[in-house]
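Please look over the structure below before reading on. The briefing that follows takes up overall build, charged pairs and a few individual residues.

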Amino acid sequence: MIAWLGLGSILVALGAAAAVAWRGLPALAGRAAVPMERMKRPVMWLLGGAAAAMLVLEIGLLAGDFSIAYIADNHRAGTPLIFTIAAGWAALEGSIVLWGLVLAAFTGAAFRSMYRRDHPLAGGTLSVLGMLAVFWFGLMATVANPFAVCTAAADAAGCAVSGWAPWSVVDLPGAGRGANPLLQNHILMAVHPPVLYVGYVGFSVPFAVGMASLATVDQGETWLRTTRTWTLTAWAFLTAGIVLGAWWSYEVLGWGGYWAWDPVENASFIPWLLATAFIHSSVVQLRRGVLQSWNYVLVIGAFAATILGTFLTRSGVIASVHSFTQSSIGPVLLAFLAVILAGSLALFATRIHLVGSAPRLDSLASREGAFLLNNLLLAVFAFVVLSGTLFPLAVEAFQGSTVGVGRPFFDRWAVPLSYCLILAMGIGPVTPFRVARRQVLWERLRTPVRVALGLAGLLVLLVSRNRHVIVVVLLAVFVVTAIVRHLAVLARRRARAAHGGSMAAVGYLMRRDPGYWGGQISHIGVAILAVGIAVSANLSASGSIALSPGETTSFAGYEITYRTPFSRAEPNRDVLGARLDVSRGGEAVTVLAPSLNSYGNGVPPVVTPAVYSTPRGDLYVSLTRLDSSGIVADIWSYPLQWMVWLGGLVTAAGAGFSLSSVAGRRRRTVGAGRG
């Protein structure tokens with residue numbers, strides 16, 4: 001029954017997606033506007049079918065219906081509830097169902113935002129979204145069917161053969177194979193993928209609006225104003241998803257790090273870089289009418305990069321803790337990426353003579369010039385990450401040999417590019433438009449420069465002479481001080497003009513231009529993140545400890561004593577670990593319990609580190625051996641590690657502030673109109 005309901009839901013969504021694409025086609029072709037009332041029913045059916053497919057899959061997981069191949073292979077009886085729910089997107093087919101649901105939700109939200117408005121791009125946008133949905137739900141109905149049934153059982157732990165025919169179901173005597181142990185070893189795995197998917201799929205809407213704009217030859221700024229909310233939403237979720245993924249890696253994998261330039265990590269970083277460039281360049285076009293063609297290229301590139309990331313994750317062409325196993329979906333995704341690039345770039349090429357004209361910059365010494373530099377740096381950064389990620393795949397495909405592009409290559413480029421981007425973040429937002437006179441610019445920057453130099457000098461004298469730490473702290477303090485100083489100056493002017501207080505003036509400025517100040521919040525978040533990365537990476541300490549029961553060792557100012565081993569049986573795993581008493585200056589501060597978690601089915605134990613976090617930094621312990629004679633563990637000390645997580649989340653919150661402020665302003669406008 002569950003297989004029938006699930007497959008039926010997918011087919012309903014597929015048919016509805018085709019209807020959305022078809023009904024919006026006249027608008028996309030520029031022949032006629034499409035009444036939104038005609039789009040309402042298929043959009044609702046699309047959303048309903050996608051939601052039903054996800055709901056049916058979750059019901060199957062909760063009910064333990066091991067006649068469905070996906071459930072038999074990725075779920076196990078006794079798994080805790082949160083990881084049972086997360087199994088719905090823990091493997092290939094289920095992740096595609098979640099992808100389809102998020103796409104349907106964005107399509108419904110786009111329809112709602114355009115409904116009852118004379119929006120010239122509405123029909124074309126929905127048509128493109130419908131075409132994208134046809135692909136994803138067609139994928140579910142064919143090579144990535146999450147409701148294929150078991151027609152033969154290899155053993156008590158899984159499904160050997162799966163097929164389409166629900167009447168050929170066999171009953172599995174076992175309790176299922178279970179998800180990858182790494183995906184049920186930390187609560188963040190229930191949060192990170194959905195957040196990341198919202199970021200990935202969210203770029204479908206700006207892409208669809210951009211393609212509709214090109215197809216209908218909309219030479220104005222309507223498409224940019226329409227995409228801004230969607231781009232900020234997707235960017236905020238992608239930022240949060242990347243940060244949560246890094247946090248998961250840090251807390252689960254036991255190697256002491258959170259970013260390894262892994263191909264799948266890179267695949268999420270590339271669209272983030274391109275979307276960041278698009279957000280900045282769209283501001284310039286809206287303000288000064290420049291960079292029109294470049295904005296189309298960026299929105300195409302950002303969306304194509306999400307498809308590339310999906311291909312790398314789900315094709316099995318790379319070895320990564322983030323990727324799924326080898327599957328037949330890879331060639332289909334690669335073909336889809338080729339169609340997206342060929343189709344969108346061909347459309348852009350036929351329209352470039354209509355959208356390519358724009359006024360020249362008055363001067364490179366202006367805010368427009370700073371944004372142009374920002375875009376150049378982000379584009380080069382994205383190209384470096386893309387080339388380093390794809391080069392090993394290209395060598396293997398054409399020569400059959402295996403090569404690696406590791407951290408030294410990426411760091412060699414990423415460090416100087418990051419320095420330049422942080423510097424541009426401090427200068428650009430306080431630079432006047434059109435032409436920036438030297439005197440005006442120096443007046444706005446001299447205080448931040450002096451404060452940054454002063455604090456950098458104190459850092460050299462009192463803390464560290466590591467050049468990377470010094471440079472990053474110098475730049476980060478410059479950025480934050482420039483933003484705070486600019487806000488203070490504007491608030492004082494507003495307070496004098498309105499005869500009010502400074503805090504009221506700050507609130508007024510924030511409400512008046514939430515987009516600008518939301519961006520500054522994100523810039524502060526990036527500055528905090530950069531300091532966290534620089535300090536934790538360059539001032540860290542690492543080592544290996546071997547302790548017998550009752551033995552004590554010192555590390556990074558801590559005294560660590562191995563007390564006893566422990567073991568316990570949990571519903572989905574067996575835990576074997578060690579209790580470590582941690583003290584500082586003779587005073588006990590915490591007890592750490594690193595462990596080795598076994599999930600059965602012959603899978604090697606998963607190393608689960610223990611982390612003690614303080615405002616000063618993290619103490620990180622990861623077991624490598626535990627037996628009757630004692631333990632051997634790797635140990636790290638990471639100063640100010642919390643700044644990495646805080647900075648990343650503040651960066652995402654900046655976009656959230658812009659969105660919430662805009663939404664609040666719209667509600668007040670609607671209320672005033674009704675009154």
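In what follows, buried means under 20% relative accessible area, exposed means over 50%, and partly exposed covers what lies in between, with a 1.4 Å probe and protein chains only. By that scale Asp411 is partly exposed, with a relative accessible area of 27%. This is a predicted model, in which local features need pLDDT of at least 70 and side-chain atom pairs count only at pLDDT 80 or more, while totals for chains, interfaces and linings use all residues. Residues are numbered from 1 along each chain as its sequence is written, and side-chain values use heavy atoms, with hydrogens and water left out.

**Overall build**

- The protein chain has 20 helices and 12 strands, where helices (H or I, at least four residues) and strands (E, at least two) are DSSP runs numbered from the N terminus.
- For 675 residues, a compact globule would have a radius of gyration near 26 Å, and the 27 Å of the protein chain agrees with this; the radius is taken over C-alpha atoms, and the globule rule is 2.2 Å times the number of residues to the power 0.38.
- Taken along the principal axes, the C-alpha atoms of the protein chain fill a box of roughly 75 × 70 × 60 Å.
- Of the 675 residues in the protein chain, 54% are buried.
- The protein chain has an accessible surface of about 28800 Å², and 64% of that surface belongs to carbon and sulfur atoms; the areas come from the Shrake-Rupley method with a 1.4 Å probe, and for residues only the protein chains shown count as cover.
- Among contacts (heavy atoms within 4.5 Å) between residues at least 6 apart in sequence, 70% join residues at least 24 apart.

**Salt bridges**

- A search of the whole structure finds 5 salt bridges, each being a side-chain nitrogen of Lys or Arg within 4 Å of a carboxyl oxygen of Asp or Glu.
- Arg407 forms a salt bridge with Asp411, and the closest N and O atoms are 3.7 Å apart; both residues lie in helix α15 (residues 407–427), 4 residues apart, which is about one turn of the helix.
- Like Asp411, which is partly exposed, Arg407 counts as partly exposed, at 36% relative accessibility.
- The side chains of Asp581 and Arg563 meet in a salt bridge of 2.5 Å, N to O. Because Asp581 lies in strand β6 (residues 573–584) and Arg563 in strand β5 (residues 558–570), the pair ties together parts that are 18 residues apart in sequence.
- Asp581 counts as partly exposed at 26% relative accessibility, and Arg563 counts as partly exposed at 43%.
- Arg568 forms a salt bridge with Glu570, with the closest N and O atoms 2.8 Å apart, and salt bridges that share partners join Arg568, Glu570 and Arg573 into one network.
- Arg568 is partly exposed, with a relative accessible area of 43%, and Glu570 is partly exposed, with 23%.

- Asp618 sits in strand β11 (residues 617–627).
- The side chain of Asp618 makes a polar contact of 2.8 Å with the side chain of Tyr250 and another of 3.0 Å with the side chain of Ser613. A polar contact is a pair of N or O atoms within 3.5 Å; within protein, one must be able to donate a hydrogen and the other to accept it, and residues adjacent in sequence count only if both atoms are side-chain atoms.
- Leaving aside neighbours within four places in sequence, the residues in contact with Asp618 include Val611, Tyr612, Trp636 and Gln641.

**Val535**

- Val535 lies in helix α19 (residues 514–538) and is buried, with a relative accessible area of 6%.
- The C-alpha atoms of Val535 and Val469 are separated by 5.9 Å, although the two residues are 66 residues apart along the chain.
- Beyond its neighbours within four places in sequence, Val535 is in contact with Val469, Ser540, Pro639 and Leu640.

- Trp261, which is not a glycine, has a positive phi of about 55°; Trp261 lies in the loop between α10 (222–252) and α11 (263–288) and counts as buried at 10% relative accessibility.
- Ala556 has a positive phi near 50°; Ala556 lies in the loop between β4 (552–555) and β5 and counts as partly exposed at 37% relative accessibility.
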